[in-house]
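Reader: I have a model open and want to learn to read it. Where do we begin?

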Amino acid sequence: MGRLRFLFSASGLSLSLFLLASLQVFLVIDAKTDLNPIDRDLYHSSGELMEEIKGLVDRHPDKLTLETVKSKNKGYEAEVAVVTYGRRREEGDDRSKFRILLSFGQHGRELITSELALRILSILSEEQSLPDMDPASLNSSLNKLVIKVVPMENLNGRELVESGDFCERRNGRGVDLNRNWSVDWGKKEKDYDPYEENPGIAPFSEPETQIMRKLALSFDPHIWVNVHSGMEALFMPYDHKNTTPDGVSSQRMKLLLGKLNLLHCHERCMIGSGGGSVGYLAHGTATDFMYDIVKVPMAFTFEIYGDGAASTKDCFKMFNPTDVDTFSRVLNDWSAAFFTIFKLGPHQLGEIPSKASASKLDRWVSIDEYLDGYLMERSSRYGKKKEVFELGMQEIRTYFRLFLLSSALLMFMFCSRISKGKCSRPIVSAIPL
Ligand SMILES: [Zn+2]
């Protein structure tokens with residue numbers, strides 16, 4: 001009897017478990033049918049996109065070159081393809097030209113940005129054209145430029161998205177590549193979500209960021225644009241605080257963004273500092289590093305598309321157009337915006353030597369850059385001490401600045417005391433603190 005009761009209750013239990021399981025399966029299927037998959041009629045796979053780019057480079061060796069940079073860290077390997085556009089290329093020619101560095105696909109789920117990279121490269125190689133651009137004036141603008149394009153900065157993260165994880169924005173080992181740079185790195189806001197914003201164990205811990213940093217420091221661009229999606233916005237520094245920088249360069253950036261908004265964003269784009277406009281502060285971003293450390297005079301983050309009405313579970317739709325009309329509209333509008341930058345950017349910035357003379361002065365400022373490199377090298381050599389070193393970086397910088405300031409004051413006092421005429425060099429103004 002007791003056994004029979006057990007059998008009955010056991011079968012009742014399995015029946016309810018079975019019903020529960022079926023319900024769950026039904027719910028999962030139902031939820032999945034609401035989500036948009038990647039439409040292969042609109043979007044290339046990462047492999048196809050690279051093939052298209054290689055095809056362009058092969059067909060236009062006079063304009064385009066391609067290099068693939070690889071880097072490895074603790075068994076994690078990353079590669080970044082860099083396409084360089086420049087006419088009548090000669091050795092050493094890059095330095096005399098106006099230099100523009102563009103990065104796309106830093107976040108895995110923002111596939112539309114890499115489609116835009118391909119469109120821009122197709123127009124640069126003259127296989128596609130812009131409807132409203134006069135070819136003669138475009139040609140004269142492009143002759144003065146060298147443009148480096150990184151079409152898919154986060155290839156490993158993108159591959160996760162392509163295998164079905166549509167909400168993934170981080171790299172192949174869970175680090176947000178736009179929080180892995182050294183300016184104000186690692187600071188966490190109250191609403192910090194490691195799934196979205198994990199900054200990594202140290203600044204430049206990720207091979208992708210290391211590759212991009214090297215590229216930026218060696219190329220030394222006049223304009224940097226980090227291209228994202230999720231909303232429509234034209235951002236300038238800073239991301240880690242809600243203000244824009246002071247001075248002429250800030251005015252120039254605002255002016256250019258205002259023109260782009262008017263001409264190409266139907267005045268819908270939000271303009272201003274990333275930190276002040278987007279509703280949250282972002283620490284350790286690429287654009288803040290480009291502006292503060294690489295001293296790129298015009299450093300931007302563009303957000304080229306967002307669907308605010310999409311369900312927050314439907315990541316693909318939140319970050320990427322899902323119908324052919326919107327897809328084409330976004331690519332047309334934003335490729336035109338970039339060609340406006342190619343045309344207006346050099347004028348906006350004035351003469352090219354302004355960057356060269358500025359960068360001579362900045363050799364002093366680049367103590368930050370030096371310390372970053374030095375500490376990174378030490379941290380990788382000493383393994384476990386890495387985080388201690390990184391945490392100490394801010395303090396070391398502060399002490400170094402104080403040291404420079406006090407030395408300058410001492411020298412100034414010394415000079416003015418012992419020989420009023422001899423020390424006529426303006427010591428204080430040469431110290432960029
Ligand atoms: Zn993004």
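Author: With helix axes. Axes are lines fitted to C-alpha atoms, for helices over the stretch in contact, and angles run from 0 to 180 degrees between N-to-C directions. Helices (H or I, at least four residues) and strands (E, at least two) are DSSP runs, numbered from the N terminus. This model is predicted: local features need pLDDT of at least 70, side-chain atom pairs count only at 80 or more, and totals for chains, interfaces and linings use all residues. Residues are numbered from 1 along each chain as its sequence is written.

Reader: At what angle do the axes of helix H2 and helix H3 cross?

Author: Roughly 15°. The axes of H2 (residues 46-59) and H3 (residues 111-124) come within 10 Å. Angles under 35 degrees count as roughly parallel, over 145 as roughly antiparallel, 65 to 115 as roughly perpendicular and the rest as oblique. So H2 is roughly parallel to H3.

Reader: Which residues of H2 and H3 meet?

Author: Contact means C-beta atoms, placed from the backbone, within 7 Å. Leu49, Glu52, Ile53 and Leu56 of H2 meet Ser114, Leu118, Leu121 and Ser122 of H3.

Reader: Is glutamate 303 buried or exposed?

Author: Count other C-beta atoms within 10 Å: 20 or more is buried, 12 or fewer exposed, in between partly exposed. Glutamate 303 is buried because it has 23 such neighbours. Its place is strand E8 (residues 298-305).

Reader: Where is phenylalanine 204?

Author: In the loop between helix H6 (194-197) and helix H7 (207-219). Phenylalanine 204 is buried too, with 26 other C-beta atoms within 10 Å.

How values were computed:
Two residues are in contact if their C-beta atoms, placed from the backbone, lie within 7 Å.
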